[in-house]
Amino acid sequence: MLANLTPFLLHWAITAFSLWVASHIFRGLQFDGTGSLVVSALLLGLANAIVKPLLIFLTLPLTLLTFGLFLLVINALMILLVAALVKGLRVSGFWTALFASIFISLLSMLIGTLVDGGDPATRIQLPQGTDNWL
C-alpha cells in the first residue's frame, strides 16, 4: 500500500516546493504559513485532477482556436480557485496567477524529470529493501 502512496506524496511535495519557490519570486503570491502551503498544494493537485479536465472540455473550442494558449488561462484559474478556498493563500490578481502558474508548471516538470525520468543514473532510488524506482 505504501508503494502506491509514494508517487502521490512525491507529487504533492514537488507541488508544495514549487509553490513555495514561486511565493519567493512573485510578490503577489503569499502564504500565511506552512499549513496553508501544504493545503494549497493538495487542493491545487485535486483541482488539476478534477476541475481542470472539466474546464478543458467545456472550453475546447476556445482552446483549439487559440492553439492551446487558453490552457494557460485555465492554469491561472486553478490557482485563483485554490486561493479562494484556502484562507492562508493570497494571490494579488490574475496576472500574478498566470505567471506563477507558468513558473510552477515548469519547475514541477523539471523536478519531476530529475526525480522520475531520464537517465537511470539521475533517478532517485527508494530506501534499501525495495527494488522500485520512483
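Mentor: On a 1 Å grid over the protein atoms alone, a cavity is a set of points where a 1.4 Å probe fits but cannot get out, and its lining residues have an atom within 4 Å of a point. Grid points are joined across faces, edges and corners, and a volume is the space filled by probe spheres set on the points. This is a predicted model, in which local features need pLDDT of at least 70 and side-chain atom pairs count only at pLDDT 80 or more, while totals for chains, interfaces and linings use all residues. Residues are numbered from 1 along each chain as its sequence is written, and side-chain values use heavy atoms, with hydrogens and water left out.

A search of the whole structure finds 1 cavity of 30 Å³ or more, and the largest cavity holds about 40 Å³ of space. Its lining is formed by Leu 19, Leu 29, Ser 40, Leu 44, Ile 79, Val 82 and Leu 89. By kind, the lining residues divide into 6 nonpolar, 1 polar and no charged, where Ala, Val, Leu, Ile, Met, Phe, Trp, Tyr, Cys and Pro count as nonpolar, Asp, Glu, Lys and Arg as charged, and the others, Gly among them, as polar. At least two residues of this lining come from each of helix 2 (34-58) and helix 4 (70-85), helices being DSSP runs (H or I, at least four residues) numbered from the N terminus.

Leu 19, one of the lining residues, also belongs to the residues of helix 1 that meet helix 5, contact meaning heavy atoms within 4.5 Å.

Terms used
1 Å grid on protein atoms, 1.4 Å probe; cavity = no way out; pocket = protein on both sides within 12 Å on 5 of 7 lines; lining within 4 Å.
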